[in-house]
Amino acid sequence: MIRRKELDHDLDQLRSLLVRMGDHVVEALDGAVLSLKTQDSEKAQEIVQADVLLNQMEEEIMDIGSRLIVTQQPVAKDLRRILVALKISSDLERMGDLALDVAKVTLRLQGEPLIKPLIDIPQMAEIVKVMIEEAITSYLNENTDLAYKMAQDDDQVDLLYSRILTELYDHMRVNPDSLSQALLFTLVGRYIERIADHATNIGESAVYLVTGKRPDLNR
């Protein structure tokens with residue numbers, strides 16, 4: 001009974017840490033895109049400095065998960081809960097790195113006037129922020145329907161990314177002087193598109209937690 005209570009306590013701690021990581025990633029992405037849109041280098045620097053917190057949370061999850069596996073020797077769904085928590089923390093840490101990469105583009109531009117107003121990139125980010133929240137909710141509530149819905153959200157992100165690439169290539173062709181900044185914006189689109197892919201990975205983990213089988217939501 002004592003071991004069960006200890007296990008449940010630690011599993012709750014894992015869930016709590018993952019929620020905090022998810023909130024951190026949403027805030028980082030939101031702040032990074034805002035810093036790019038407004039050319040706010042100070043905001044971008046805050047995103048860079050805060051990344052260490054996400055890494056610390058991932059390390060704490062790794063410590064708890066590995067300790068549980070060694071000391072509790074969990075089986076069946078309890079073991080899946082721990083393995084899923086470890087996988088989700090890895091995806092969230094990578095998402096944080098990608099948000100950090102967006103902020104670094106702001107720093108690279110050093111206040112240079114934007115070649116065009118940012119419309120599609122913030123729109124992509126809004127969809128992805130919802131996806132992150134859906135991913136964490138699907139995990140917490142073991143909601144496979146919500147997890148599968150994320151594949152449709154990811155399709156929207158991919159369409160916007162394709163549109164961004166087309167517009168930027170057209171812009172570079174007409175305005176060769178904009179090449180450097182346009183290429184940076186294609187990278188930003190790619191970073192946000194990759195965050196969406198990691199969000200769907202979390203959805204896959206939620207499905208695996210419930211069913212023991214992992215679908216491919218990025219297909």
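Over the ring of which residue does the charged end of Arg80 sit? The charged end of Arg80 sits over the ring of Tyr208, 6.0 Å from the centre of that ring. A charge is taken to sit over a ring if NZ of Lys or CZ of Arg is within 6 Å of the ring centre and within 35 degrees of the ring normal.

This is a predicted model, in which local features need pLDDT of at least 70 and side-chain atom pairs count only at pLDDT 80 or more, while totals for chains, interfaces and linings use all residues. Residues are numbered from 1 along each chain as its sequence is written, and side-chain values use heavy atoms, with hydrogens and water left out.

**Overall architecture**

- The chain contains six helices and zero strands; helices (H or I, at least four residues) and strands (E, at least two) are DSSP runs, numbered from the N terminus.
- Read from the N terminus, the order of elements is α-α-α-α-α-α.
- Along the principal axes, the C-alpha atoms fill a box of roughly 70 × 35 × 20 Å.
- Of contacts between residues at least 6 apart in sequence, 83% join residues at least 24 apart, where contact means heavy atoms within 4.5 Å.

**Surface and charge**

- The chain has 219 residues, and 50% of them are buried; buried means under 20% relative accessible area, exposed over 50%, and partly exposed in between (1.4 Å probe, protein chains only).

**Loop residues with positive phi**

- Gln39 lies in the loop between α1 (2–38) and α2 (41–72).
- Although Gln39 is not a glycine, its phi is positive, at about 55°.
- Gln39 counts as buried because its relative accessible area is 17%.
- Glu142 belongs to the loop between α4 (120–140) and α5 (144–174).
- Glu142 likewise is not a glycine and has a positive phi, of about 50°.
- With a relative accessible area of 27%, Glu142 is partly exposed.

- Glu193 is part of helix α6, which covers residues 179–211.
- The relative accessibility of Glu193 is 7%, so this residue counts as buried.
- Leaving aside residues up to four places away in sequence, Glu193 touches Met124, Val157, Asp158 and Tyr161.

**Separations along the chain and in space**

- Lys104 is located in helix α3 (residues 76–109) and is partly exposed, at 38% relative accessible area.
- Lys104 and Ser35 are 69 residues apart along the chain, and their C-alpha atoms are separated by 9.7 Å.
- Asn175 occupies the loop between α5 and α6, and its relative accessibility of 33% makes it partly exposed.
- Between Asn175 and Asp91 there are 84 residues of sequence separation, and their C-alpha atoms are 38 Å apart in space.
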